[in-house]
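Colleague: I am new to this structure. Please take me through a single part of it.

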Amino acid sequence: MASFAAKEKRRILIVDDDRESTHVIKILLEKMGCYLVLEENDAAKAHQSARNFRPDLILLDILMPKVDGGEIAVQIQADPEFQRTPIIFLTALVTKAEAKAGLRIQGHPFLPKPISIPELINGIEENLPAHAA
């Protein structure tokens with residue numbers, strides 16, 4: 001059984017085929033003490049991981065083998081359980097200037113890679129739903 005403190009942490013699911021980057025992000029976010037992070041490096045398992053983990057927010061890489069992030073986002077958001085779960089795309093396909101311009105991909109915000117941890121935390125905090133009362 002998870003401790004009471006663990007329940008208070010916001011749950012973040014990272015879906016990216018790059019194991020090294022997901023691991024670094026997980027460690028950095030969990031060090032802050034307010035996030036519980038699950039890494040999923042197999043895009044085909046992303047939806048099932050979301051169902052098991054019930055994240056408050058999903059970080060989703062766009063370019064992955066087999067299934068791209070856009071398809072995964074559509075799949076996850078088609079599930080009534082996740083229609084309100086924010087998704088932030090992570091991508092090397094955009095410049096920092098494009099990201100700052102407030103453009104969206106499929107209606108979702110995105111962050112350019114390589115990920116800047118302060119920008120990532122800002123993005124997470126801006127997009128996390130308010131704690132349920």
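At the start of H2, which backbone nitrogen does a side-chain oxygen of Asp18 reach?

Modeller: That of Glu20, to within 3.1 Å. A polar contact is a pair of N or O atoms within 3.5 Å; within protein, one must be able to donate a hydrogen and the other to accept it, and residues adjacent in sequence count only if both atoms are side-chain atoms.

This is a predicted model, where local features need pLDDT of at least 70, side-chain atom pairs count only at pLDDT 80 or more, and totals for chains, interfaces and linings use all residues. Residues are numbered from 1 along each chain as its sequence is written, and side-chain values use heavy atoms, without hydrogens and water.

Helix H2 spans residues 19–31. Helices (H or I, at least four residues) and strands (E, at least two) are DSSP runs, numbered from the N terminus. H2 has 13 residues and reaches 18 Å from first C-alpha to last, close to the 18 Å expected at 1.5 Å a residue. That expected span is 1.5 Å times one less than the number of residues.

Now its two faces. Thr22, Ile25 and Leu29 are the buried residues of H2 (under 20% relative accessible area, 1.4 Å probe, protein chains only). They cover an arc of only 65° around the axis, so they sit on the same side of H2. The arc is that of the directions from the helix axis to the C-beta atoms. Their cover includes S1, S2, S3 and helix H6 (117–127), where contact means heavy atoms within 4.5 Å. The face turned away carries Arg19, Glu20 and Lys31, which are exposed (over 50%).

After H2 comes Gly33, with a positive phi near 85°.

How values were computed. Axes are lines fitted to C-alpha atoms, for helices over the stretch in contact, and angles run from 0 to 180 degrees between N-to-C directions.
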